Amino acid sequence: MTETCPNCAAPLLFNPSNGMLDCKMCGSSFKPEEIKGAEELNQAKADEYKLIGLDETENTESIESENLKTEAELQGEKIYGDPDSEENFYDSSVYICNQCGAEIAVNTTEASTACIYCGCPNIVFDRVSRMRKPTYIIPFKVTKEEAEEKVRSIVKKGFFIPKEIKNFSTDCVRGIYIPYWLTDLNMDLSMEVKGRVGSGKSSHTEYFYRAGKCDFHKLTNDASVTLADMSSAKLEPYDFEDLANFDKNYLAGFYSDIADVEKVDGERLAVDKARELMQEQFMNSIKASNKQIITQDMKRTVNNVESAMLPAWFVTFSYKGTPHTILVNGQTGKVSGAVPWNKGLFIGIFAAICAVFFVAFTLITELWVPAMFGSKSSDSGKLVAMIIAGGIALLIAGIRKITKVMSAIKLTQSQSMFGYVKKRQGDL
Amino acid sequence: MQVFFAILIAAPVAVGLTCFICAGMLKKSNDFGDSQGTVYDFSRGIDMYAEEKSRRPFSRM
């Protein structure tokens, strides 16, 4: 819940441009750490009671329950902390979207009008919920106006972007804290790979051994099922220089997504990610074709798993009746997303370039063909085959690139995110 | 015959090259933010051992 101004009791909102809590009513500004909420005051009072022995029964119970904990639980607490401790929670309002099922915490007095994920206006305020406090937070640095401006300027530069999108009118711009797991781990990976080296008659199979150690520090994994993993990956990297201890005052005026990936799953995902990153490095160091991993051995130690909230702006606009959501990193201002293209313009440009290349290549080849037929060497035939194969390879690479753009566009459109959410929930 | 062969060679190269160039332009124009995902700076600590042979097994296996 939001803090109120000590001077006029109006709600305070976090201002990313100065890093302060601003009161829009009387114009006062406060540092987040200066504002001590009612919750903390109540906690302080409770601590006072405990000190003078008024809460002895509760203390005894907690000691007894502590003794009942198994060694495994205590070991788990070393990494995860005590999950049931009252200090690990804070209050927040939660709404549920009737269309996509997203659960979003709203940390402001402002009533929300649309779901930040699918743009659907059918949202229902559900409850005031006890939210688990993350360990860290990166406060917003980019303001709402700056986020919208960044999207506008990048969209205006796009050559194939339709005019309607270039001059889009924003449906909504929402600042949201995305939950992440930050994992510190050491990984020791070794693998044996076989691949083909050389060409023609000298081509042969070679075996490669790669082994390495790496200490991963604060490896990120988004802890939200609702947000597509590809979207959160595109928002990265965040600069952890700005990582601050969690303070709920930073949430004032923003939404926060609810972490629904368990800590244990976050740890497993981090191990997978670390392994994939090391594998990629190993594979890049091998100069061969048709690379195949034959054996692999992995040892890892997870030292620490902590939760964090990282900022992002969701800029939503409609094009041809479909909502599109562009994401902006709330710390660095990096814009991620993809928008539909002007197909007529694309086909026109394609045809023009293709015609120019075709005429030029035909003229060049026409001059070269007599020389080719004149020589009896088989090298000319090989050269022709190689040129045609090169053209086909370029065509395949181009089609793959276009397919990637199309998947990115689908991700930006709410329907795909909606489908993704439904799929993850097992409804499809 | 000459022209036929010239077209046969030039057509796939022209279409392939155009497709590659236009796809690059489209990606630059309409797809914002790279898709590389997590960026991790391995210069901070990866300690890699490499060995290559034409036969298995390796000494460290």
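How many residues apart are Asp265(A) and Arg268(A) in helix 7 of chain A, and what separation in helical turns does that give? This is a predicted model, and the points below should be read with that in mind.

1. Asp265(A) and Arg268(A) are 3 residues apart in helix 7 (residues 263–284) of chain A, so about one helical turn separates them. Their side chains meet in a salt bridge, at 3.7 Å from N to O. Asp265(A) is partly exposed, at 31% relative accessibility. Arg268(A) also counts as partly exposed, with 46%.

2. As a general point, side chains of opposite charge can pair when their charged atoms come close.

3. In chain B, a salt bridge joins the side chains of Asp31(B) and Lys27(B), at 3.0 Å from N to O. Asp31(B) is buried, with 9% relative accessibility, whereas Lys27(B) is partly exposed, with a relative accessible area of 23%. Shared partners extend this pair into one network of salt bridges made up of Lys234(A), Lys27(B) and Asp31(B). Over all chains, the structure holds 7 salt bridges.

4. On the cysteines: how many disulfides are there over all chains? The count is 0. Cys8(A) is in no disulfide, and the nearest cysteine sulfur, on Cys23(A), lies 3.4 Å away. Cys8(A) is partly exposed, at 31% relative accessibility, and Cys26(A) is partly exposed at 39%.

5. Chain B has 1 helix and 2 strands, arranged along the sequence as α-β-β. Of the 61 residues in chain B, 34% are buried. The accessible surface of this chain is about 3,500 Å², and carbon and sulfur atoms account for 58% of that area.

6. Helix 1 of chain B runs over 29 residues and spans 41 Å from its first C-alpha to its last, close to the 42 Å expected at 1.5 Å a residue. Where in this helix does the kink lie? The kink, of about 25°, is at Ala10(B), shortly before the proline Pro12(B). Please look at both the span and the kink when you view this helix.

7. A nonpolar patch on the surface is formed by Met1(B), Phe4(B) and Leu8(B), which together have about 370 Å² of accessible area. Met1(B) sits in the segment before helix 1 (2–30) of chain B. Is Met1(B) buried or exposed? Its relative accessible area is 73%, and because anything over 50% counts as exposed, Met1(B) is classed as exposed.

Methods
Residues are numbered from 1 along each chain as its sequence is written. Chains are lettered from A and ligands numbered from 1 in the order in which they are written. This is a predicted model: local features need pLDDT of at least 70, side-chain atom pairs count only at pLDDT 80 or more; totals for chains, interfaces and linings use all residues. Side-chain values use heavy atoms; hydrogens and water are left out. Patches are made of residues with over 30% relative accessible area and no salt bridge: like charges are joined within 9 Å, nonpolar side chains (Val, Leu, Ile, Met, Phe, Trp, Tyr) within 5 Å. Accessible areas come from the Shrake-Rupley method with a 1.4 Å probe; for residues, only the protein chains shown count as cover. A salt bridge is a side-chain nitrogen of Lys or Arg within 4 Å of a carboxyl oxygen of Asp or Glu. Helices (H or I, at least four residues) and strands (E, at least two) are DSSP runs, numbered from the N terminus. Buried means under 20% relative accessible area, exposed over 50%, partly exposed in between (1.4 Å probe, protein chains only). A disulfide is a pair of cysteine sulfur atoms within 2.5 Å. The expected span of a helix is 1.5 Å times one less than its number of residues. The bend at a residue is the angle between axes fitted to the seven residues ending there and the seven starting there.
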